[in-house]
Amino acid sequence: MIASRVIGLILGYVFGLFPTGKLVGKMHNTDLRKQGSGNTGMTNSIRVLGWKAGITVFFGDCLKAVAAMVAVWLLFRHTYPDAVRLLELYAGVGAVLGHNYPVHSKFAGGKGIACSVGIVFGFDWRMVFFCAVLFFASVIPTGFMSLGSLGILSGFFIQTIIFGQLGLLKVGSEYLPEVYVLTGILTALAFWQHRANIKRLLSGTENKFAPSSGKKEEGKKS
């Protein structure tokens, strides 16, 4: 099982390296790393290039995690039927790491929220609704995408524990503690990647979400 966990992580990392934001930016003759916040994720894509580009980046990044999880399921569904969901989660974590710390970009990547949404969907789609509620309940009244992003991961972590304790996850009981640890790591990683945003939220200087009309724009990093 140790080798299977490592394979899941590595496979996920490889999937996570797919540069969705860079490719979408190139399609618009724009380097997102030099525009807006300098991030290649959905939020900066919307800010710089508009909704269509941002949604494309979002789904592309989501699919990286989903594809990695499906690949691991295909590899281990017969070998480890009681642990395959755990191995899928390892693949999802690997995809987020590949997205956040891509070797081809000197380990400077995104914040991994869209990838994490893909993990939520791939791990247990029933958790998506509550995560979505937390996201929109945070973003709509405040305008802070960072707050909504952290809400998604917090909701995933909380639900994973609740579902696990109620026996609603298709994971062997002996693997539940490890599942909780992995989702906790994902949540902690999201908070770490948003540490600058959190400081601005606490100081009242965080930038509110403002989508672009579709034209390239320069802006202050956030």
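**Asn29 and its loop.** I started in the loop between α2 (20-27) and α3 (42-49), where Asn29 is found. A caveat for everything below: I'm working from a predicted model. Is Asn29 buried or exposed? Its relative accessibility is 67%, so I put Asn29 down as exposed.

**Phe107, another positive phi.** Phe107 also has a positive phi, near 65°, and Phe107 is a residue other than glycine. I found Phe107 in the loop between α5 and α6 (113-123).

**Leu23.** Back to helix α2, which is where Leu23 sits. I looked up its accessibility and got a relative accessible area of 37%, so Leu23 goes down as partly exposed.

Cys62 is in no disulfide, and the cysteine sulfur nearest to it belongs to Cys115, 7.5 Å away. Cys131 is in no disulfide either; for Cys131 the nearest cysteine sulfur is that of Cys62, at 12 Å. I checked burial too. Cys62 has 9% relative accessibility, so I noted Cys62 as buried. Cys131 is at 4%, so Cys131 is buried as well.

**Salt bridges.** My search of the whole structure turned up five salt bridges. As a reminder to myself, side chains of opposite charge can pair when their charged atoms come close. I wrote up some of the pairs.

- Arg5 with Glu178: their side chains meet in a salt bridge at 2.6 Å, N to O. What does this pair tie together? Arg5 lies in helix α1 (residues 2-16) and Glu178 in helix α9 (residues 176-193), so the bridge joins parts that are 173 residues apart in sequence. Arg5 has a relative accessible area of 16%, so it counts as buried.
- Lys64 with Asp61: the closest N and O atoms are 3.3 Å apart. Both residues lie in helix α4 (residues 51-76), three residues apart, which is about one turn of the helix. Lys64 and Asp61 are both buried.
- Asp124 with Arg126: here the closest N and O atoms are 2.7 Å apart. Asp124 is buried, at 8% relative accessibility, whereas Arg126 is partly exposed, with a relative accessible area of 37%.

**α4 against α5.** I stayed with α4 and looked at how it packs. Two packed helices are described by the angle between their axes and the distance between the axes. For α4 and helix α5 (residues 84-100), I got an angle of about 145° and an axis distance of 8 Å. The crossing of α4 past α5 is right-handed. Which residues meet there? From α4 I listed Asp61, Lys64, Ala65, Ala68, Met69, Val72, Trp73 and Phe76, and from α5 I listed Val84, Leu87, Glu88, Ala91, Gly92, Ala95 and His99. By type, the residues of this contact divide into ten nonpolar, two polar and three charged. Asp61 and Lys64, the salt-bridge partners noted above, are among the α4 residues in this contact.

**Leu97.** Helix α5 is also the place of Leu97. Its relative accessibility is 29%, so I logged Leu97 as partly exposed. What does Leu97 touch, leaving out residues up to four places away in sequence? I found Tyr13, Pro102 and Leu189. Another distance for the page: Leu97 and Val171 are 74 residues apart in sequence and 23 Å apart in space, C-alpha to C-alpha.

**Phe157.** Last entry. Phe157 is found in helix α8 (residues 145-165). With a relative accessible area of 28%, Phe157 is partly exposed. Not counting residues up to four places away in sequence, Phe157 touches Tyr180, Thr183, Gly184 and Thr187. From Phe157 to Val179, C-alpha to C-alpha, I got 9.7 Å, for a pair that is 22 residues apart in sequence.

Notes: Residues are numbered from 1 along each chain as its sequence is written. This is a predicted model: local features need pLDDT of at least 70, side-chain atom pairs count only at pLDDT 80 or more; totals for chains, interfaces and linings use all residues. Side-chain values use heavy atoms; hydrogens and water are left out. A disulfide is a pair of cysteine sulfur atoms within 2.5 Å. Buried means under 20% relative accessible area, exposed over 50%, partly exposed in between (1.4 Å probe, protein chains only). A salt bridge is a side-chain nitrogen of Lys or Arg within 4 Å of a carboxyl oxygen of Asp or Glu. Helices (H or I, at least four residues) and strands (E, at least two) are DSSP runs, numbered from the N terminus. Axes are lines fitted to C-alpha atoms, for helices over the stretch in contact, and angles run from 0 to 180 degrees between N-to-C directions. A crossing is left-handed if the near helix is turned anticlockwise from the far one by less than a right angle, and right-handed if clockwise. Contact means heavy atoms within 4.5 Å. Ala, Val, Leu, Ile, Met, Phe, Trp, Tyr, Cys and Pro count as nonpolar, Asp, Glu, Lys and Arg as charged, and the others, Gly among them, as polar.
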